[in-house]
Amino acid sequence: MTKTPAPRQVSGKQWRSLLEDPDTVARQYPVLAEMIGHPASRRRVLQVMAASIALGGLAGCDNGEADGKLIPAVIAAPGIVPGRANAYATANVVGGDAMGITVAHQMGRPLKVDGNPLHPASLGGSDAFAQAMILDFYDPDRAAGIITQGQPSDWPSLQRVMADERERLVRSRGVGLRVLTGSVVSPTTGRTIDALAAAYPGMRWHQWEAASRDTVSNGTALAYGRRLDVVPHVERASVLLGLDSDLISGAPGHVRHARDFAAHRNPTRGPMSRVYAAERAPTLLGTAADHRFIIGGAEMPALVAWLAAAVLRGEQPGSAPSWFAPLVADLKAARGGAFIHAGPDLPVEAQALVLAMNEALGGRGRTFDVIEPVAYRAVDFGADLRALTDDMAAGRVETLLVLDTNPVFSAPGFTEALARVRLSVASGPSLDETGDAATWYVPGAHAFEAWSDARAYDGTATIMQPQAMPLFDGMSAVGVLSMLRPGFEGTPQDSLAAVRASWTSLARGDAWVRALADGVVPNSASRPAQVAIRPEAGRSVIPSVVSGEALVTVALVTRPDPGLFDGRFANNPWLQELPRPLTKVVWDNPLLLAPGLAHRLGLRQGEEVEVTVGAASARLPVWIAPGQAEDVAVALYGYGRRVVGAVGAGTGVDVYPLRYAAGPATLRRTGRVLKVATTDHHDVLDTGDTSDIVRHATLADFMRDPALLQGGVGSPLLYRNPPSGPVAWGMSIDLNSCIGCNACVVACTAENNVPVVGKTAVLHQREMHWLRIDRYFEGPAEKPEAYFQPMLCMHCEEAPCEVVCPFGATVHDQEGLNVMVYNRCGGTRFCSNNCPYKVRRFNYGPYAAEEARPVESRNPDVTVRSRGVMEKCTFCVQKIAATRIAHDISGVAEEAVTACQAACPTQAFSFGNLNEPDSEVVRRKHSPLNYVLLPEQNTRPRVTYEGRIRNLNAEIPA
Amino acid sequence: MIVLGAFESEAAMARAVARLEADGVHGVETYSPTSPARSVGRLQSRLPLVMLFAGLVGAAAGLLLQIYAVTGIFTDSLWGQLGGGYPVNIGGRPNVFWPSFIPFGFETGLLFAMVAGFLGFLLINRLPRLYDPIDESDAFREATRSGWFIAIRTAAKPNHDRALAALQASGAPQIEEILE
Amino acid sequence: MSEALPVVLPGQTARTMTDHVAGVALGEERSYLWWWMAFLPSLGLLGLGIVATVWLFLNGIQIFGNDWPNVWGFPIFVYVWWIGIASGGTFISAFFFLTRVDWRTSINRIAETMTLFSAACAGIYPILHLGRPWFFYWLIPYPNTMSLWPNFKSPLMWDFIAVLAYIVGSVLFWYLGLLPDLASMRDRTRTRFKQVAYGVAALGFRGSGTEWTHFRAVYGIMAAIMAPMVCSVHSVVGLDFAGGNMPGWHGTDYPPFFVFGAVFSGFAAVLLLIIPLRRFWGLTPYITERHVDVLCKLMLTASLCVAYAYMMEAFSVFYGHDAAEITMFKARIGGFDAGVYWSTIILNCVLPQLFWFRVCRRWVPIVLLVGFGAVVGMWLERYGIVIQVPHKTALPSAWGVYFPTLWDWALFAGTCGLFASGFLLTIRLVPAISMFEMRELITRKLAR
Amino acid sequence: MAAIFTPAANGAMRGALLALGLLIAALVGFWWLWPSSLYMRKTGFVIEQPVPFSHQHHVAGLGIDCRFCHATVETSADAGMPPTYTCMTCHSQIWTNAKLLEPVRLSLAENRPIVWSRVTNLPDYVYFNHSIHIAKGVGCASCHGAVDQMPLTYKAVKLTMQFCLNCHRNPGPQLRPKSEIFNTSWRRDASTPSPQQLIAFYHVGGRNLTDCSICHR
């Protein structure tokens with residue numbers, strides 16, 4: 001056993017999961033009886049009985065379908081060439097945050113979403129929600145049709161009701177009419193609602209967003225006198241402080257901020273920024289920060305007050321922690337380049353203090369700007385809805401129109417108020433709680449099915465062009481609103497006409513077509529607002545939060561679920577099965593507790609607790625989240641939806657009631673243990689003494705010895721036969737830029753038809769993601785450092801998996817790809833055993849065949865794997881083949897962009913031809929931070945990593 | 001025609017065989033429940049050689065098959081069906097990776113030897129021969145349990161009589177004649 | 001001191017032996033109650049195995065407990081366990097034929113028959129564990145319309161030809177050794193049907209001088225071939241694991257380590273079979289205390305070899321300083337299923353030390369206990385190798401746990417049923433002891 | 001009692017063994033050769049189509065080029081089937097009342113596509129690209145046979161993997177000059193450039209064409 005010179009010990013042990021005692025593993029793991037085979041549904045059993053045992057074996061490789069059909073068009077659609085893809089720009093609006101995207105089409109079907117490089121909120125990057133739009137569009141559960149009182153109805157009867165409703169409204173001049181929408185960032189929709197308000201003076205327009213950022217917008221109102229939007233320029237921030245900040249995970253424009261944030265995280269590519277984070281529970285910014293301080297639930301207001309005192313008035317508070325003074329000194333030293341970002345969980349007064357501090361640190365115009373709100377009508381969503389529910393409860397509302405929002409599920413007290421409304425019409429892409437409770441449900445158009453427009457976080461406008469005819473004849477928002485307009489004759493208003501009307505500036509020449517093609521209306525970004533900070537902003541006092549006295553009470557923090565947002569994506573299988581960035585939990589929303597707190601309460605992973613806040617209570621399993629404050633419990637809302645499609649039914653627990661109850665939360669054990677599915681398997685994972693899996697060092701050490709992280713490539717080999725093709729594909733992953741946002745995981749699943757397996761199979765440890773983001777902790781469980789490492793097939797030149805496959809189903813091609821030939825695979829699975837990185841996944845069951853998605857939503861360029869076949873990352877071989885063929889036909893340069901590289905907001909992945917000396921991937925592979933994972937396995941992988949560097953502040957004690 | 005002599009013990013049979021060989025009688029065959037101490041006429045079985053040869057052929061066939069599979073000689077074979085394989089880069093190992101070809105060749109060698117041994121045994125003894133004229137004698141039923149017999153097969157009548165006489169001279173207790 | 005125990009009890013002659021042994025096979029025993037009490041339950045288990053196989057074909061291997069990273073679960077480690085028992089049987093019938101020991105003669109056929117049916121069970125598993133079992137024939141190297149050949153560099157390809165050659169070899173070796181006995185049965189039985197049946201099976205063997213000469217030569221060479229074949233087959237099964245680079249598997253000690261384990265479980269299995277058989281069919285005069293005594297000593301030797309192998313495995317882990325292997329080994333001996341490792345050590349290394357004492361070798365309950373312990377011990381050792389080692393691989397993010405499902409157990413029970421029913425049926429229809437070799441032993445060696 | 005078996009038993013036993021041997025040989029032979037049989041590869045017999053289109057008439061008779069109907073053969077992986085509109089360019093003028101062309105007229109009138117049956121088909125896991133083959137000098141006839149002699153279209157070549165591999169291993173002899181790609185009756189003769197010249201002209205090679213990732217993904 002020859003051993004390469006072990007890389008020097010970097011630092012302490014790395015560990016991954018906190019399940020100490022073995023019997024929890026046995027209990028947590030499904031009991032033997034329940035695992036009796038695959039619980040075949042009745043339909044499946046009937047289907048199987050009919051099918052004879054596959055005699056395919058006799059026919060050898062099949063001779064192609066006997067009954068294959070060729071169906072040409074009647075009249076060929078212009079521009080559509082079968083087999084070639086074309087892309088159209090549009091935008092993805094989630095909770096009032098718009099991001100420009102391009103959608104790739106094949107044969108007229110939208111198949112793949114990617115960021116729009118020309119759009120300021122994307123610059124080519126994307127997030128998990130944008131990547132998963134495809135399955136929301138093709139969701140078979142959207143086929144609800146017009147529904148009234150739970151019974152299917154039809155268009156004429158809806159027209160009759162609408163007709164006499166219009167007369168009533170014209171007579172009463174709109175008294176009693178209320179329109180409730182989500183956050184409207186679309187000028188066209190806003191103008192249409194205003195036109196309706198003009199026709200009916202009595203009408204009121206309300207807006208409701210469950211994951212609203214009211215505290216932030218109210219903070220700007222308190223600080224500047226009126227509601228404004230703050231636009232951070234993170235690329236100019238040399239010192240950044242995040243307070244419970246979701247700057248790179250959920251804030252408007254978080255994809256762009258992630259790109260700017262990562263631009264200064266790699267010391268080999270420019271001066272390194274320094275990032276501090278003070279937070280009660282782990283966030284993506286906190287994990288990527290150089291210094292991360294855990295602040296108790298009650299201490300956060302005090303911290304903000306101390307900071308304001310120190311920054312604005314130079315006072316040095318007595319009882320501040322040891323790291324406080326160096327932090328303030330660093331902020332002041334970086335005047336003009338310092339920026340503080342506060343997340344939406346901080347109270348309004350804290351937001352105002354932070355704005356004042358940013359102004360005091362000279363950031364205005366440099367590290368951030370203040371602009372007029374991009375929303376058509378910026379409101380305080382909570383207050384706006386309370387006003388509506390009060391009107392409804394008092395019976396002042398006759399007619400209610402609800403568009404693209406789900407208050408029955410996510411708003412307090414709305415269901416009771418809705419009962420007192422005479423006629424309510426709800427419209428949305430899929431039937432949800434509100435659509436079910438309303439008297440009428442009208443299927444709404446998905447973002448791909450109607451014309452609209454949207455303004456991004458910095459005001460840049462995008463014309464949203466439809467990608468396909470409505471699949472389930474959904475109506476656009478403009479169309480639904482037009483049904484109530486006095487002059488309505490029977491056909492809903494065409495959304496295209498409405499959008500063109502509101503963008504008359506684009507009428508000249510090809511401006512309209514140019515705006516559609518680029519996905520950006522030229523120079524539509526908002527100018528900075530000329531408004532000064534009010535002096536009393538710096539003097540606002542944060543009301544002290546009543547801290548839990550008894551041991552068992554904790555401060556409950558409710559946050560949107562990283563996968564389901566506010567619950568609208570509950571029926572999206574890709575997002576349901578996406579391992580959450582830090583907990584790696586799927587299909588569930590357990591209550592997150594700190595290790596110390598869980599230990600004191602004697603709670604173990606997966607045990608059920610009853611959380612009561614005021615009158616509301618909920619029972620949900622516990623999950624231990626290292627690095628969380630001791631007196632804080634985090635509940636993720638968005639789960640527990642009652643009216644949802646087959647995928648989302650029965651997943652998770654609804655915690656919205658807890659969100660709106662006041663007071664501290666009390667936990668009580670119920671004694672039951674629930675099974676929480678996670679892709680981070682149940683075992684105490686200690687990587688032994690060396691930590692060369694994720695190599696990291698401090699900037700000071702790195703400056704002193706740049707070859708600190710490199711380590712060997714493996715011992716010399718007896719047989720060395722590297723691939724000799726004209727092109728050599730390779731990849732370098734920068735661990736400094738990876739923030740663990742999972743956009744690449746969904747992109748890979750979408751591009752390569754990777755099946756979703758469901759909660760039971762994940763509990764059996766049979767998830768199928770080709771690309772997984774491994775998360776390692778280092779240090780004590782209470783305050784660990786966390787590291788992310790994307791793990792995909794390394795395409796080793798000395799591939800241990802190829803040698804052992806008896807069928808010869810996985811071989812190396814001469815361009816360096818480890819090719820997995822699915823049709824030759826017999827399923828011995830020795831290749832997965834022999835892969836040291838364990839990146840091969842096996843179809844234990846017919847997962848692709850049993851997936852709840854139509855065949856049209858699959859990528860036709862990639863084989864859909866049957867049961868019993870191994871699959872793995874192929875470096876997007878279909879894209880490589882396309883560029884190879886283009887090169888061979890017309891001499892175009894042979895460059896391919898993998899799905900993960902295209903989706904990554906921070907360009908952590910760089911993929912390219914190693915024979916091209918000046919390509920980005922070769923430059924990164926020659927960086928001093930470059931290292932090979934598991935060199936002692938001697939596999940010569942084509943994927944290498946750049947080690948993580950932390951820019952530590954010398955004064956702060958470790 | 002067959003002359004069949006039954007003996008009580010192996011020693012008696014062995015003495016009779018020696019005397020018959022001394023008299024130069026041909027077509028002598030012994031039948032015994034266990035393998036006799038000395039075979040008639042010092043017969044040396046050539047089957048081990050056959051097995052050795054088959055084993056070597058098998059091993060060679062195994063090795064050549066594996067080389068044929070990865071080098072693709074006869075690629076454009078006339079009949080199209082016999083096309084060999086083609087070079088494939090597996091784990092960076094060379095195509096004709098002889099260390100990994102040894103186990104397959106070794107096993108095919110052993111397999112061919114075993115099969116050749118069994119089939120050779122059947123062919124040399126002209127088995128399966130369910131019926132043989134010698135079965136007609138009832139006493140012969142003891143040959144596979146505890147009887148010791150000598151049988152002299154002759155084609156022509158005179159030889160038959162001379163064989164009968166020689167057998168009586170050798171002191172066989174019971175003698176039978178089988179004339180098909 | 002062991003010469004005191006006779007190989008064949010005095011007073012037995014070739015004739016009495018032939019009549020008794022042939023009689024058992026011809027149904028002349030007083031009662032076959034125990035045989036039916038054993039045969040019917042094993043048919044039941046076989047039925048359960050068939051149900052499990054059909055359900056497996058319909059649903060794929062998701063019904064098993066395999067997951068990621070434990071992609072090989074029950075099917076592979078039970079396959080190794082079965083081929084281990086088979087190799088032990090061949091070891092006795094082929095290896096000890098070459099060493100001309102006298103005690104081998106009476107237990108040779110029982111060992112050969114055990115080999116046949118355990119090899120059959122072992123042969124089924126590599127097909128059933130495949131993801132797409134209907135493409136199993138792609139492993140056969142034949143020129144096809146795709147010009148595709150199997151990958152001969154893969155240990156599983158060696159495994160395919162090794163098990164195929166082993167099964168064909170065992171069948172031929174067993175059947176050749178059976179021909180003379182079938183001839184005796186043909187001539188001894190009176191009922192017409194049995195005469196025709198045994199007659200056809202005996203292929204007309206009459207015991208002529210030339211036939212015996214060729215038989216002696218071929219049987220000797222076949223035994224000489226089967227001895228290295230059994231070692232190579234089980235080494236190739238060991239290479240299934242050692243051929244890869246999984247920390248904990250890729251050690252050069254695995255091939256011999258597997259052969260030691262196979263021999264150990266083979267001797268134990270033969271012991272477990274001959275002790276009840278000699279009592280129920282009154283074969284004590286031919287399978288005497290001497291045989292049990294010798295087999296116990298052989299088990300003791302094999303146990304010491306296996307103990308050496310475990311020691312070497314533990315030593316090479318810590319000597320090698322490979323962090324992943326040390327973590328894996330610590331988890332094996334201290335993890336949540338460390339009971340498997342320690343029970344393996346006790347059953348395979350500690351318990352057989354009882355056989356140092358003659359009184360233990362003579363006391364049947366102790367022998368049965370240690371024998372059964374050895375078989376179960378080897379089952380657990382294979383579980384440890386195939387399932388516990390992949391728990392902790394080189395990369396910590398790929399660590400996992402494994403739990404067998406009911407269908408794993410059902411298929412395992414099915415193969416036990418197949419073995420038991422096959423073995424019982426064969427020793428009922430075919431003489432359990434090879435009569436012609438016993439005759440030779442009695443008449444020539446013991447001069448009775 | 002007489003011998004157990006009659007003399008005839010020997011012949012019967014040997015016959016039985018021979019029969020068993022032949023049966024096994026027949027089974028293995030069938031299983032081995034069936035996948036490459038013409039019937040199983042659907043080669044050489046006509047497949048039912050909604051309209052009995054005759055290539056012979058249109059290509060040999062009228063001299064219409066392949067690309068008139070299969071328009072995207074040079075630009076995309078899929079050769080493309082003619083939309084009803086292409087057929088109706090002529091058939092709106094001639095044979096306007098032929099009963100045979102009823103489905104074509106109906107398709108244009110009711111805007112319902114014609115559902116043709118696939119004749120030359122590859123399994124789904126094979127990604128064949130027409131454009132690269134046309135660009136590298138492989139003629140239509142090499143794989144589709146002499147289409148211009150076909151009154152009713154049938155699959156002319158078995159298209160087993162071996163057929164593709166024999167060409168991918170040694171492309172030279174199969175290539176044809178640029179002008180003859182769409183000429184279905186072209187034969188290689190003395191004046192044809194040598195395989196080496198053609199390979200140089202088309203820049204074939206420099207890439208191992210027997211990699212699995214060339215056709216499978």
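Student: How far apart do the C-alpha centres of domain 1 and domain 2 of chain D lie?

Tutor: They lie 35 Å apart. In chain D, domain 1 covers 13–42 and domain 2 covers 55–81 + 116–215; such bounds come from an automatic or database domain assignment. Please note that this is a predicted model, in which local features need pLDDT of at least 70, side-chain atom pairs count only at pLDDT 80 or more, and totals for chains, interfaces and linings use all residues. Residues are numbered from 1 along each chain as its sequence is written, while chains are lettered from A and ligands numbered from 1 in the order in which they are written.

Student: Which helices and strands does chain D have?

Tutor: Chain D has ten helices and one strand, where helices (H or I, at least four residues) and strands (E, at least two) are DSSP runs numbered from the N terminus. Along the sequence the pattern is α-α-α-α-α-β-α-α-α-α-α.

Student: Is chain D compact or spread out?

Tutor: Chain D is more spread out than a compact globule, because its radius of gyration is 25 Å, well over the 17 Å that the globule rule gives for 217 residues. The radius is taken over C-alpha atoms, and the rule is 2.2 Å times the number of residues to the power 0.38. The C-alpha trace of chain D spans about 95 × 50 × 40 Å along its principal axes.

Student: What percentage of chain D is buried?

Tutor: Buried residues make up 27% of its 217 residues. A residue is buried if 20 or more other C-beta atoms lie within 10 Å of its own, exposed if 12 or fewer, and partly exposed in between, with C-beta atoms placed from the backbone.

Student: Then what about chain C: how many helices and strands are there?

Tutor: Chain C has 15 helices and zero strands. Its radius of gyration is 23 Å, close to the 22 Å from the globule rule for 448 residues, so chain C is as compact as a globular protein of that length. Its C-alpha atoms fill a box of roughly 70 × 60 × 40 Å, taken along the principal axes, and 62% of the 448 residues count as buried.

Student: Which helix of chain C could I look at in detail?

Tutor: Let us take helix α3 of chain C, residues 74–98.

Student: Where does α3(C) bend?

Tutor: The helix bends by about 30° at C:F91; the bend is the angle between axes fitted to the seven residues ending there and the seven starting there. α3(C) is also mostly covered, with 23 of its 25 residues buried. After the helix comes C:R100, whose phi is positive, near 55°.

Student: Which peptide bond in chain C is cis?

Tutor: One is the bond from C:W68 to C:P69, with omega near 10°. C:P69 is in the loop between α2 (33–59) and α3 of chain C. In chain B, the bond from B:L127 to B:P128 is cis as well, with omega near -10°. Most residues other than glycine have a negative phi, and most peptide bonds are trans.

Student: How many residues of chain B are in contact with chain C?

Tutor: 54 residues of chain B are in contact with 52 residues of chain C, a contact meaning that the C-beta atoms, placed from the backbone, lie within 7 Å. The elements giving two or more residues to the chain B side are β2 (28–31), α2 (47–71) and α3 (102–124) of chain B. The largest share, 15 residues, comes from α3(B).

Student: Which classes of residue are on that side?

Tutor: The side of chain B that touches chain C has 31 nonpolar, 16 polar and seven charged residues. Ala, Val, Leu, Ile, Met, Phe, Trp, Tyr, Cys and Pro count as nonpolar, Asp, Glu, Lys and Arg as charged, and the others, Gly among them, as polar.

Student: One last topic: is A:K584 buried or exposed?

Tutor: A:K584 counts as buried, because it has 21 C-beta neighbours inside 10 Å. A:K584 has a positive phi of about 60° although it is not a glycine, and it lies in the loop between α21 (573–576) and β22 (591–593) of chain A.

Methods. The expected span of a helix is 1.5 Å times one less than its number of residues. Two residues are in contact if their C-beta atoms, placed from the backbone, lie within 7 Å.
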